[in-house]
Amino acid sequence: MVHLFRTSLGVMALAAAAFGPSGGALAANGPFLAHQALYDLRLVKSRSNSVNSARGRILYNFSGSSCEGYTSEFRQVSELDSGEGKVTLSDLRSNSWEDAAGKSYRFKIETRMNEADAGRVDGSAERDGDHINVKLKLPAPKSFTLDGKIVFPTEQIQRIIAAAKDGKSLLELSVYDGSDDGQKVYNTLTVIGQPIAADRATSTDPSTSDEHMKSLKRWPVTVSYFDREAQQKEGEQTPIYAMAFELYENGVSRQLVLDYNDFVISGAMGKFDAKDSKPCN
């Protein structure tokens, strides 16, 4: 369970993409909102009674434009109490840049558990025709290729928004985000619910009251992550984890729920600040 929590960077990367705009969606959806968001984490459910309590925060910063690409800075600090004095503190940090066309992706990810040395991943990926060239600096220098049908995190969100606008309820994608050791690819299944009108707030937070958000509709979205390699070898259909959120048409997300199978954590937006973006020349 702790290992799963430590390596849940696929969820983290999707959260970073979801909380921020998607470059590829810019042409279809109009301007996206550069912003900073703070989310407060708490334990919702412990299915195996392996977690007594959980708390933490996610801080996300997004900036950029369709001409210069998009930069995401993400940090998640979480504390898990599994009882009998066993407390695990995790600190996950991710910095990434992706161009608007989804052709180039650079990432640096750092994970730290308690007082242990941080695990680091540093690399880049470039789309070239029918394949993707990946170059890793950390955890060890390595180069390899991936299927060109695989998408990066912001393109994943772009396709979810496009599918939602088309009235689709299901979307299957393979995603590379640089998580784990930089070599992991996830198969994802996205379930998209009926749109929520701008004037219908199931609950309030700083996003629903912000002037940039009041007139926007959103969709309830659940994305399940599967180990692509395990699925290919064993046909395993049990997700490693799932992430649910409400996705606005401008790329911002609220009402985050992370399901790690053994336990479920919610992320309520505690602070939301829109930032100015430089228009393309």
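Start with Glu246: its side chain makes a polar contact with the side chain of Arg218, at 2.5 Å. A polar contact here is a pair of N or O atoms within 3.5 Å; within protein, one must be able to donate a hydrogen and the other to accept it, and residues adjacent in sequence count only if both atoms are side-chain atoms. Glu246 also contacts the side chain of Arg254 in this way, at 2.6 Å.

Before I go on, the ground rules. This is a predicted model, where local features need pLDDT of at least 70, side-chain atom pairs count only at pLDDT 80 or more, and totals for chains, interfaces and linings use all residues. Residues are numbered from 1 along each chain as its sequence is written, and side-chain values use heavy atoms, with hydrogens and water left out.

Is Glu246 buried or exposed? Its relative accessibility is 10%, so Glu246 counts as buried. The cut-offs: buried is under 20% relative accessible area, exposed is over 50%, and partly exposed is in between, with a 1.4 Å probe and protein chains only.

Where does Glu246 sit? In strand β12. Helices (H or I, at least four residues) and strands (E, at least two) are DSSP runs, numbered from the N terminus.

Now the strands around it. β12 covers residues 241-248, and pairs with β11 in the antiparallel sense over 8 bridges. Two strands pair if DSSP finds at least two bridges between them. Strand β10, residues 185-192, is also antiparallel to β11, with 7 bridges joining them. Follow Val223 in β11. Its bridge partner is Thr190. Val223 also stands opposite Met243 in β12. How covered is β11? Of its 10 residues, 218-227, 8 are buried, and the strand is mostly covered.

Next, helix α4. Why call α4 largely enclosed by the rest of the structure? Because 10 of its 13 residues are buried. Among them are Pro153, Glu155, Ile157, Ile160 and Ala164. A general point: an α-helix has 3.6 residues a turn, so residues three or four places apart point the same way. After α4 comes Gly167, with a positive phi near 80°.

Most residues other than glycine have a negative phi, and most peptide bonds are trans. Take Asp180: phi is near 60°, a positive value. Asp180 lies in the loop between β9 (170-176) and β10. Asp180 counts as partly exposed, because its relative accessibility is 34%.

Gln255 also has a positive phi, near 55°. Gln255 is placed in strand β13. Its relative accessible area is 29%, so Gln255 is partly exposed.

Which peptide bond is cis? The one joining Leu138 and Pro139, with omega about 5°. Pro139 lies in the loop between β7 (131-138) and β8 (142-147).

Last stop, Asp262. It lies in the loop between β13 (253-259) and β14 (263-274). With 28% relative accessibility, Asp262 counts as partly exposed. How far apart are the C-alpha atoms of Asp262 and Tyr241? They are separated by 9.5 Å, and the two residues are 21 residues apart along the chain.
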